[in-house]
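Okay, thanks for coming, everyone. Let me put the model up on the screen, and then I'll walk you through it.

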Amino acid sequence: VIIFSGTSNIQLAEHICTYLQTSLGDVQISRFKSGEIYVRYEESIRNKDVFLIQTLSHPVNENLMELLVMADAARRASARSISAVIPYFAYARQEKKDAPREPITAKMIADILATVGIERVITIDLHAPAIQGFFNIPVDHLTALDRITSYLRTKKIEKPVVVSPDAGRVKTAEKLAAYLDAPFAIMMKKRPAHNKAKVTHIIGEVKGFTPIIIEDMIDTGGTIVKVVEKLMEKGAKPSYICATHPLFSDQAQKKLKHPGIREIVVTDTIPFEADASNHYTVLSMAP
Ligand code: R5P
């Protein structure tokens, strides 16, 4: 087995290697002046089981292309097998057509990965679990839920209520609520435009409770802020926000500096520079 990292999340790749008591393989990744990507493995990978670690966060398209070029180089260097470790799988939010003449990018990316010789994908908390079925190769779909649960147990939160910010997260919220032996509530959300959320109503009791909002990702922070505001309006206490993937686009961290937010619990699937004035906890997915 030999592990290589793309440039998107070297910290996590190194952390994974520490757990495996090994070190990252040597690979050169550079750019031509035109922006085209160059990859060369600096050691033989002939007949080796190659693992490529690359998260698909900002800049998404660059990181995706880097992974594709790495896989192509590995295949041409006679690797025995190529597995892609993709902690955050981008393009997953377009997993079905919501309107005519739209793409299904999650399926498109699944197809492209197989085309360049990737034979297995290991990923974490896909936006929709059904995306596993878009691949014709094995997918190990891991979750951060156990780590989030263990962390929350240490907090001994009084009167917790697990909140699903939309219909898509209900199953996860239900699981977390069962693990924590807590009730759960569901928010109903509408999307008037991309990255714009409107919370319409809440199902479940939240007054006097401490909400634990569970999300797959925080992108612009718009959804979380809308959910938190609705919860405050309904008499809930400041919330714990738990999300696997901290995309934190635009002014997300600024938006998350909100009196209705007590703590933000995320994982290291995506590296980010934490704004010191926000209360973040970053759980590592390396183990
Ligand atoms: C959408 O259904 C996802 O689960 C997240 O709620 C959403 O993508 C978060 O995006 P933002 O932070 O921009 O509201």
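So, the ligand: 15 residues surround it, and the closest are N195, D219, T220, G222 and T223. "Surround" here is a C-beta criterion: the C-beta atom, placed from the backbone, has to lie within 6 Å of the molecule. Before I go on, this is a predicted model, so local features need pLDDT of at least 70 and side-chain atom pairs count only at pLDDT 80 or more, while totals for chains, interfaces and linings use all residues. Residues are numbered from 1 along each chain as its sequence is written.

Which elements build that shell? β11 (210–218) and α6 (222–233) each supply at least two residues, and β11 gives the most, with four. Those labels are DSSP runs numbered from the N terminus, helices being H or I with at least four residues and strands E with at least two. By class, the shell has four nonpolar, six polar and five charged residues. For the bookkeeping, Ala, Val, Leu, Ile, Met, Phe, Trp, Tyr, Cys and Pro are nonpolar, Asp, Glu, Lys and Arg are charged, and the others, Gly among them, are polar.

β11 runs parallel to β12, and six bridges join them; for DSSP pairing you need at least two bridges. One example is I213, whose bridge partner in β12 is I241. And is β12 buried or exposed? Eight of the eight residues in β12 (residues 239–246) are buried, so the strand is largely enclosed by the rest of the structure. Buried means 20 or more other C-beta atoms within 10 Å of the residue's own, exposed means 12 or fewer, partly exposed is in between, and the C-beta atoms are placed from the backbone.

Now zoom out. The domain assignment, which is an automatic or database one, gives domain 1 (2–142) and domain 2 (145–283). Their C-alpha centres lie 28 Å apart. The contact takes eleven residues from domain 1 and nine from domain 2, where contact means C-beta atoms, placed from the backbone, within 7 Å. On the domain 1 side, that's five nonpolar, five polar and one charged.

Next, the inside. The largest nonpolar core has 79 residues, and L52 and V163 have the most contacts inside it. A core here is a set of buried Ala, Val, Leu, Ile, Met, Phe, Trp, Tyr and Cys residues joined through C-beta atoms within 7 Å. Helix α2 (residues 60–76) provides the largest share, seven residues. Both domain 1 (2–142) and domain 2 (145–283) give residues to this core, so it lies between them. As for L52, leaving out residues up to four places away in sequence, its contacts include F4, L67, M70 and I82.

Most residues other than glycine have a negative phi, and most peptide bonds are trans. Well, the bond from H58 to P59 is cis, with omega near -10°, and P59 sits in the loop between β4 (49–53) and α2. N47 isn't a glycine, yet its phi is positive, near 65°. That residue is in the loop between β3 (37–41) and β4, and N47 counts as exposed because it has 9 C-beta neighbours inside 10 Å. F248 also has a positive phi, about 45°, in the loop between β12 and α7 (252–255). But F248 is buried, with 26 other C-beta atoms within 10 Å.

Okay, that's me done.

Definitions and conventions
Contact = placed C-beta atoms within 7 Å.
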